[in-house]
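Hi everyone, thanks for coming. Let me put the sequence and the model up on the screen, and then I'll walk you through them.

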Amino acid sequence: MSDIGHFIGNQRVAGTSGRSQPVFNPATGQSDRQVVLASTADVDHAVEVAKAASREWGQMPPLRRARILDRFKTLLQDRTTQLAEAISAEHGKTQDDAVGEITRGLEVVEFAIAAPTLLKGEVSENVGTGVDSHALRQPLGVVAGITPFNFPAMVPMWMFPVALACGNCFILKPSERTPSAALLLADWLAEAGLPAGVFTVIQGDREAVERLLAHPDVKAISFVGSTPVARHIYTTGTANGKRVQALGGAKNHAIIMPDADLDMAADALMGAAYGSAGERCMAISVAVPVGEDTANRLIEKMVPKIEALKIGPSTDRGSDMGPLVTKQHLEKVRGLVDKGAAEGATVVVDGRSFTAPQGYEDGYFIGGTLLDNVTPDMTVWKEEIFGPVLSVVRAGDYREAAAVVAKHEYGNGVAIFTRDGNAARSFANEVEVGMVGINVPIPVPMAFHSFGGWKASLFGDHHMHGMEGVRFYTRLKTITTRWPTGVPTAAEFVMPTLG
Ligand code: NAD
């Protein structure tokens with residue numbers, strides 16, 4: 001079995017912990033590689049190397065940092081297929097879907113290349129007689145990112161391009177289930193000219209995360225993953241004096257109004273609920289049609305589409321979706337569908353009976369599933385399923401539908417399908433959710449806007465990338481300047497008032 005190791009000081013290294021765990025191909029259920037799991041000493045070493053690089057990197061003119069990122073962008077564009085294959089082999093998503101996530105990550109690199117503009121400060125001349133003020137943004141030093149399995153390239157790229165452009169050294173702790181993409185990104189950053197120690201990959205589990213949270217030289221933590229872990233990261237990281245942005249889980253609803261274009265809504269829901277086997281934090285997992293007629297017509301349109309989903313390995317270019325990420329996750333999703341049925345939901349399309357393609361019988365496949373007559377007291381509504389399961393909660397009117405959305409603990413994304421501009425506008429204004437789509441099912445903001453949810457979907461004050469990312473990865477300093485003019489001065493003992 002070959003090992004997947006760390007990347008420290010611009011080199012792939014094995015680490016010293018002696019701990020590792022297997023990495024599986026979800027389509028076959030087989031494992032021929034294992035990922036090493038860092039010890040506290042491995043993390044300490046990585047932080048030491050990063051800290052040693054941080055002064056020079058932070059002092060480098062932003063334009064030169066941007067040029068390195070520009071070369072990295074070109075390498076990434078040229079090698080998208082290689083990276084997509086590595087992602088699909090560990091995650092299971094289709095290769096087109098993997099290319100999609102790389103493209104969304106690349107957009108953040110493109111944003112970060114504007115570093116000299118993004119870091120421009122503010123100047124006020126004559127804040128007092130002969131006194132000027134200027135405010136500037138400086139890097140934090142060493143910062144860390146801890147990322148989930150479901151976007152092995154895009155989520156790290158929500159973080160590190162902006163962190164590096166702002167002059168920080170970045171330590172990435174990827175998911176132990178999908179560890180390889182991080183190493184390719186690290187190789188190509190080094191090839192683009194990034195100095196040793198500026199970008200580090202530490203493979204690991206809870207032990208590595210706890211050390212990053214406690215290490216005094218790690219100044220900020222960006223986290224994306226499930227809500228219980230996000231809450232822990234935020235509480236512990238901030239208690240240790242760090243800046244933390246911790247993005248958590250989601251349960252994204254789509255309200256379908258009676259006046260909606262139902263063909264458009266049905267197609268949008270197919271991609272949003274079943275794309276990437278539902279393993280997206282912006283997947284739509286609950287449809288809330290308004291009125292019995294809307295619900296019946298929507299379901300009628302969707303059922304044949306769900307039954308026609310092409311489910312297979314990522315290597316089959318015809319697949320619409322692949323398997324789930326691990327056997328444990330497959331069992332969890334199946335168990336939740338069982339529970340939904342036991343609690344009274346109607347299983348309209350049952351993915352549990354899906355038969356895997358020949359040669360992939362040990363893969364973690366489940367078919368697209370549709371549950372109707374789901375109510376907010378059921379486990380399938382309360383919990384994030386993170387699988388290809390769409391729950392339908394029927395609402396009598398718009399207010400009832402909006403109340404279902406408002407009641408959920410999560411507030412990541414939401415969508416409304418309607419032709420009524422006023423209804424859409426009121427909904428967008430009132431809903432307590434961070435990212436809203438109007439006839440757009442997965443409203444993931446572009447790189448120059450910022451990504452983040454509300455309520456239990458985000459702990460912290462800053463969303464990711466865009467100007468929120470620049471603010472997160474920099475500290476504001478304001479400098480007030482007076483030069484001697486030759487005019488005699490006198491000591492003043494009252495609070496200075498420059499004006
Ligand atoms: P996860 O919380 O299990 O793991 C995320 C990261 O935390 C991994 O690097 C993992 O090694 C680490 N980790 C896991 N348990 C830990 C613990 N007890 N202590 C310290 N570190 C720990 O999440 P996942 O299963 O990899 O990813 C799926 C989850 O991520 C879903 O809940 C999904 O909604 C969420 N997600 C959210 C967003 C968002 O933008 N809000 C984006 C992608 C994924």
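I'll go through the domains, a few salt bridges, some helices and then a handful of single residues.

First, the ground rules. This is a predicted model, so please keep in mind that local features need pLDDT of at least 70 and side-chain atom pairs count only at pLDDT 80 or more, while totals for chains, interfaces and linings use all residues. Residues are numbered from 1 along each chain as its sequence is written, and side-chain values use heavy atoms, with hydrogens and water left out.

Let's start with the overall layout. The domain assignment gives domain 1 as 2-248 + 457-479 and domain 2 as 252-438; these bounds come from an automatic or database domain assignment. The C-alpha centres of the two domains lie 31 Å apart. To the contact between them, domain 1 gives 22 residues and domain 2 gives 26 residues, where contact means heavy atoms within 4.5 Å.

Now to the salt bridges. By that I mean a side-chain nitrogen of Lys or Arg within 4 Å of a carboxyl oxygen of Asp or Glu. Searching the whole structure turns up 23 salt bridges, and I've picked out a few.

Take Glu207 and Arg19, whose closest N and O atoms are 3.1 Å apart in their salt bridge. This pair links distant parts of the chain, 188 residues apart: Glu207 is in helix 8 (residues 206-214), and Arg19 is in the loop between strand 3 (11-13) and strand 4 (20-25). A quick word on those labels: helices (H or I, at least four residues) and strands (E, at least two) are DSSP runs, numbered from the N terminus. Glu207 is partly exposed at 33% relative accessible area, and Arg19 is partly exposed at 30%. For these classes, buried means under 20% relative accessible area, exposed over 50%, and partly exposed in between, using a 1.4 Å probe and protein chains only. Glu207 and Arg19 also belong to a network of salt bridges together with Asp205.

So what about Asp97 and Arg280? They form a salt bridge too, with the closest N and O atoms 2.9 Å apart. Asp97 lies in helix 4 (residues 95-112) and Arg280 in the loop between helix 10 (262-274) and strand 14 (284-289), so the pair ties together parts 183 residues apart in sequence. Here Asp97 is buried at 15%, and Arg280 is buried at 16%.

One more pair: Lys305 bridges to Asp267 with the closest N and O atoms 3.0 Å apart. Because Lys305 sits in helix 11 (residues 292-307) and Asp267 in helix 10, the pair ties together parts that are 38 residues apart in sequence. Lys305 is partly exposed at 31%, and Asp267 is partly exposed at 45%.

On to helix packing. The axes of helix 8 and helix 9 (residues 227-239) come within 9 Å and cross at roughly 35°; the axes are lines fitted to C-alpha atoms, for helices over the stretch in contact, and angles run from 0 to 180 degrees between N-to-C directions. Helix 8 makes this contact with Arg206, Val209, Glu210 and Leu213, and helix 9 with His232, Ile233, Thr236 and Gly237.

Next, please look at helix 3 (residues 80-91). Just after helix 3, Gly92 takes a positive phi of about 100°.

Which other residues have a positive phi while not being glycine? Asn126 is one, with phi near 55°, and Asn373 is another, also near 55°. Most residues other than glycine have a negative phi. Asn126 lies in strand 6 (residues 122-128) and is exposed at 51%. Asn373 sits in the loop between strand 16 (369-372) and helix 13 (379-382) and is partly exposed at 35%.

Last stop: is Thr474 buried or exposed? Thr474, in strand 23 (residues 474-482), is buried at 1% relative accessibility. Leaving aside neighbours within four places in sequence, its contacts include Leu119, Arg137, Cys166 and Arg243.
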